[in-house]
Amino acid sequence: IRNCRKLKIAILDDHDFPYEGMLENEGCTVKYYKKYTKDINQPGQKLKSISLGEPDIIFCDINGIGEELYKDYKGLGVIENLREKHPFSAIYAYTGTPGFVTTKLKKETTIDGIFAKEWGADDFLMNFRKAKKRFSCPSDRWVFLRSRFIHLEASEKKIDELRISYVKSILLSKKLHQQLKMSPEEIKLLIQDHEKGKIDAIYWAKFGIKSTAEIFGIFSPLIME
């Protein structure tokens with residue numbers, strides 16, 4: 001099924017980010033933030049983090065981002081906070097000190113990988129395209145989702161139940177599109193109705209997944225807004 005929207009990328013880096021144009025050429029919408037806190041406009045105002053909206057992929061610098069909130073833990077604190085807010089976004093540390101990430105990050109599954117600042121454009125692009133496949137390739141998508149559910153500490157039994165629903169949804173989507181030429185919106189509505197009652201809504205609600213519509217959005221994030 002053709003993609004109906006562009007991947008949404010959020011970048012947090014206090015320095016210039018050299019690959020914004022490259023990401024846009026890859027069919028992405030890019031938003032760039034030089035800090036993770038809102039401006040202080042009056043005395044006594046508390047520091048608050050900004051909202052990134054609903055990005056698909058987040059690149060977060062480690063040094064120079066988040067120090068005012070997390071001190072020496074820096075961008076790793078930002079990444080942990082972002083992971084709580086965006087459990088199904090792909091989050092990558094974008095850093096010149098990969099060793100700091102691997103030795104200091106409290107939970108390895110908080111991030112989906114590391115992009116090193118010393119990489120050239122070719123290396124960055126090659127690794128970004130691998131990351132991008134997590135939103136379009138069904139098998140890569142499931143590997144990504146499984147890692148996210150494990151991070152959320154979902155049970156293996158429930159993850160397997162969701163895997164079965166995922167496979168059925170992907171197969172049904174392809175059939176409806178190829179044989180019946182149905183639109184993404186029609187497919188979305190049909191699959192939501194098809195999956196209703198087959199997914200343990202009460203169980204998944206505790207992870208912030210409250211409906212079959214949200215399940216479909218996680219399964220096929222590029223089908224519809």
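These legends go with several close-up views of a predicted model. In this model, local features need pLDDT of at least 70 and side-chain atom pairs count only at pLDDT 80 or more, while totals for chains, interfaces and linings use all residues. Residues are numbered from 1 along each chain as its sequence is written, and side-chain values use heavy atoms, with hydrogens and water left out.

**View 1. Helix α3 and what covers it.** Helices (H or I, at least four residues) and strands (E, at least two) are DSSP runs, numbered from the N terminus. Here we zoom in on α3, the twelve residues 74-85: its end C-alpha atoms sit 17 Å apart, which agrees with the 16 Å it should span at 1.5 Å a residue. (That expected span is 1.5 Å times one less than the number of residues.) Its buried residues are Gly75, Leu76, Gly77, Val78, Ile79, Asn81, Leu82 and Arg83. Buried means under 20% relative accessible area, exposed over 50%, and partly exposed in between (1.4 Å probe, protein chains only). Among the elements covering these buried residues are β1 (7-12), β4 (90-95) and α6 (138-151), where contact means heavy atoms within 4.5 Å.

**View 2. The buried side of helix α5.** Next up is α5, residues 121-132, which reaches 16 Å from its first C-alpha to its last. Phe124, Leu125, Phe128 and Ala131 are its buried residues. They cover an arc of only 120° around the axis, so they lie on the same side of α5; the arc is that of the directions from the helix axis to the C-beta atoms. They pack against β1, α1 (20-25), β2 (28-33), β3, β4 and β5 (113-116).

View 3. Side chains of opposite charge can pair when their charged atoms come close. A salt bridge here is a side-chain nitrogen of Lys or Arg within 4 Å of a carboxyl oxygen of Asp or Glu, and the count comes to 13. This one joins Arg146 and Glu156 at 3.2 Å, N to O. The pair links distant parts of the chain, with Arg146 in helix α6 and Glu156 in helix α7 (residues 156-180), ten residues apart. Arg146 is partly exposed at 29% relative accessibility, and Glu156 is partly exposed at 48%.

**View 4. A pairing within helix α7.** Glu161 and Lys158 meet in a salt bridge of 3.5 Å, N to O. Because they are three residues apart in α7, about one helical turn separates them. Glu161 is partly exposed at 34%, whereas Lys158 is buried at 15%.

**View 5. A salt-bridge network.** Finally, Asp13, Asp61 and Lys117 are linked in a network of salt bridges.
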